[in-house]
Amino acid sequence: MTRLERTYLDWNATAPLLPQAREAMLAALGMTGNPSSVHGEGRALRMLVEAARRDVAALVGAEPAHVVFTSGATEAANMVLTPDFRMGRTPLSIGRLFVSEIEHPAVREGGRFPRESVTGVPVTPDGIVDTGALDALLAAHDTAAGMPMVAVMLANNETGIVQPVAAVAEIVRRYGGLLVIDAVQAAGRLPIAISALDADFLILSSHKLGGPKGAGALVSRGEVLMPAALVRGGGQEKGHRSGTENPAALAGFAAAARFALDGLAERNARIAALRDRLEAGMRRVANGAIVYGSGTERLSNTVFFSLPGLKSETGQIAFDLEGIALSAGSACSSGKVGQSHVLTAMGFDASTGGLRVSIGPSTTETDVERFLAAFARIVARRRGRADAA
Ligand code: PLP
């Protein structure tokens, strides 16, 4: 039996590990020592961790001192989404969390806020945060209970739709709130500067950039206003996140961050051309295909679509059997495909769900052609079954 050639089109779930990240990780794995130890071995690893901090900070235009490494974006979200803050040594309470309804579950779950202190912010049918609704919600917030915190993503993981974060920041400032931006899907795909975004905190994940899984960061605007630590212990990361750092993971994260900054515009143009070719090919085969957010500003790498009557679970399996790895927008950790909360929030009937193709720097024209050939076969089989019925 010949083995089916695989085509990986699920970069928003995770990007393949970059060769330079793997190399950096292997080099770090060959080093002995604890970055907190004062001997030469420890100091060499401390240097590596601090160099990684500079690279990750550069990715989002931040100060290296404002990067706290975590085990991933989910941990960073749980760290920052808390009512329990400190302004220097003074405790400060956040009264309510406002999260857009299209956030990734890592943010949408509200971190350490009690459920009753979390309010959803609706999105428009175009899939962007409804800034009018956010304004009204913040106007109605009673600041006597504590300042408001708003969490909005820069780009959505299912649709790729870019969110109006400048308008969101302007509203949050007007009401004296804190702004947390989940930049997981945007990092390495859009130029990012924490001060230009006017965000108080950014959340990053290494594995969406081509670094290893299990590494991420919470990046802050300053050092004074910080959330109470989530992981306490030996006081690493200036007490914000205890536990011995993982130098190999951080070296890989840093290599991916350097790659992401280098030649971003040219890479995006190439990826956008592939994405356009893929979308045009899909429409030629099935002009009833709905591409979500096609009229809105989107990441250049993402196509989230539905074929009328094709359940996302069935579609995902059909593509997998064709050798194509893509995803239904929303996959539970069990692997079971859930309804897309993003499509629901946009007001679409989410019962059939959507299929997400997401590409990246090493995607080729051949990958796109393989996808289109599989797409054509799947559509033809469905037509054949409909004709026979
Ligand atoms: N936020 C977004 C937008 C994501 O797409 C993901 C991962 O799918 C996360 C957060 C969680 O990231 P991590 O896997 O690093 O915990």
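These are my notebook entries on one predicted protein model.

**Ground rules.** I number residues from 1 along each chain as its sequence is written, and side-chain values use heavy atoms, with hydrogens and water left out. Because the model is predicted, local features need pLDDT of at least 70 and side-chain atom pairs count only at pLDDT 80 or more, while totals for chains, interfaces and linings use all residues.

**Overall build.** I looked up the secondary structure and found 12 helices and 15 strands in the protein chain. These are DSSP runs numbered from the N terminus: helices are H or I with at least four residues, strands are E with at least two. Next I checked the radius of gyration, taken over C-alpha atoms. It is 22 Å, close to the 21 Å from the globule rule for 389 residues, so the chain is as compact as a globular protein of that length. The rule is 2.2 Å times the number of residues to the power 0.38. Along the principal axes, the C-alpha atoms fill a box of roughly 70 × 55 × 35 Å.

**Burial.** I found that 53% of the 389 residues count as buried. Buried means under 20% relative accessible area, exposed means over 50%, and partly exposed lies in between (1.4 Å probe, protein chains only).

**Cores.** I looked up the nonpolar cores, which are sets of buried Ala, Val, Leu, Ile, Met, Phe, Trp, Tyr and Cys residues joined through side-chain atoms within 4.5 Å. The largest has 51 residues, and Phe69, Leu204 and Phe253 are among those with the most contacts inside it. Helix 8 (residues 247-261) gives the most to this core, with eight residues. Another core, of 26 residues, lies apart from it and includes Val291 and Leu355.

I then listed contacts (heavy atoms within 4.5 Å). Leaving aside neighbours within four places in sequence, phenylalanine 253 is in contact with residues including Val56, Phe69, Leu204 and Pro212.

**Leucine 9.** Where is leucine 9? I found it in the loop between strand 1 (7-8) and helix 1 (19-29). Leucine 9 is buried, with a relative accessible area of 0%. Not counting residues up to four places away in sequence, leucine 9 touches Ile324, Val357 and Phe371, among others.

**Methionine 25.** Is methionine 25 buried or exposed? At 17% relative accessibility, methionine 25 counts as buried. I placed methionine 25 in helix 1. Beyond residues up to four places away in sequence, methionine 25 touches Leu17, Pro212, Ala248, Ala249 and Gly252. Pro212 is also one of the contacts of phenylalanine 253.
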